[in-house]
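Me: I would like to learn how to read salt bridges in a model. Please take me through it step by step.

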Amino acid sequence: MNVEFYFMNAFTDYILHLADSTLILSQRNSEWCGHGPILEQDIAITNISLDLLGQARNFYQYAAALSSNGATEDSLAYLRKEREFKNLLLVEQPNGDWGQTVLRQYLFSQYQYLLFEQLQHSSDEQLAAIAAKSIKETKYHVRWSSEWVVRLGDGTEESHARMLKAVEELWPYTGEMFIPAEYEISFGVDLASIKKNWDEKVTAVLGEASLPLPEKVFMQSGGKTGTHTEQLGYILAELQYMQRTYPGAEW
Amino acid sequence: MFNTFIRKFYYGDIPEDNAGSSEIKKAQAPPSEGWPLWEIFIRSKQGLDHKHVGSLHAADAAMAIENARDVYTRRQEGISIWVVESKYITASNPEEAGELYEPAADKIYRHPTFYQLPDEVNHM
């Protein structure tokens, strides 16, 4: 394997990792469509879902353009298997209640915001452009989700208890964001500085929400390299069902 | 899952809840106990006025702005949003339409239609 080929593959893997995390979170959020706790919030969460889908498409289109095996954005989303998906474990976790959904969104969006902040200065023009376009959406996702975390965390006795449970549920999946996969080392951003900023922001928001930060938690990892929790298979079954059953079907 | 009871307001109904505040409400009743109704005004373009576009529910002003952003501007309808809690709008009573508006109906001399405009003045 020559060096150029290796780097090309690693770069495509990195783009797919970015794409997969946004696609899977989009799919998860879309499960709320028609089930939101109140009409206005139903629209808000599905809006975020569509924002993420748009970001995923941009990344997939770019990955497809770089591939030499005729991949398209659709084949990348609909025809890869569980082990080929490189999304973070955090985004495949179930919606749970509204509290768990908004906390998952916040933990991810805060990370994604800091990531895009660096990525928009990437030496790769296309990645930089996608990040610069997406960061405005992400900024709003951070605002929307952090406000919800504060409302519920520092809300009623019940909402506080539910948020405590959500933190306990999701925290073990946050460590993975900052452990670089092999393909991330050459092209990715400086995860150490993102971690520092992420810790600061998240500590502040959870503090305002009266939610103590968990300590000494064993962190799960593996999503970035295709070792997923049991959740992803079910998500893909639903997401890919149509294309697998009627290959090539179009609207 | 939330067992949501959606309170229905008809246009012009003013909810009684005392929940208007620009501060983020931390302790709040669940939606089922009724978030107040807010009237939404959107400015579609620079230089135009804010126009009433509808109403929605929100726990406080900050959430009302965000809900309005998602409900009323997601297809590029606006560049500025005003929200006001519906209970702060005082509306005229439709039953008083007679004394309020009808007297103006036969006062055609209040319209500037009796001037001879020079031909050079267009679009009046």
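**Reading the salt bridges**

Reply: Start with one residue in this predicted model. A:Asp20 is buried, at a relative accessible area of 0%.

Me: Which residue forms a salt bridge with A:Asp20?

Reply: A:Arg80 does, and the closest N and O atoms are 2.6 Å apart. A:Arg80 is buried too, with a relative accessible area of 7%.

Me: Which salt bridge does A:Lys86 form?

Reply: Its partner is A:Asp13, with 4.0 Å between the closest N and O atoms. A:Lys86 is in the loop between helix H3 (73–78) and helix H4 (89–92), while A:Asp13 is in helix H1 (residues 3–30), so parts 73 residues apart in sequence are tied together.

Me: Is A:Lys86 buried or exposed?

Reply: Buried means under 20% relative accessible area. A:Lys86 has 13%, so this residue counts as buried. A:Asp13 has 26% and is partly exposed.

Me: What about A:Glu184 and A:Lys224?

Reply: Their side chains meet in a salt bridge, 2.9 Å from N to O. A:Glu184 belongs to helix H8 (residues 182–187), and A:Lys224 to the loop between helix H9 (191–208) and helix H10 (231–245), so the pair ties together parts 40 residues apart in sequence. Both residues are buried.

Me: Which residues are linked in a network of salt bridges?

Reply: A:Asp97, A:Glu158 and A:Arg162 are.

Me: How many salt bridges are there over all chains?

Reply: A search of the whole structure finds 14.

Notes
Residues numbered from 1 in each chain as written. Chains lettered and ligands numbered in written order. Predicted model: local features only at pLDDT ≥ 70, side-chain atom pairs only at ≥ 80, totals over all residues. Heavy atoms only, no water. Helix = DSSP H or I, 4+ residues; strand = E, 2+ residues; numbered from the N terminus. Buried < 20%, exposed > 50% of the residue type's maximum accessible area, 1.4 Å probe, protein only.
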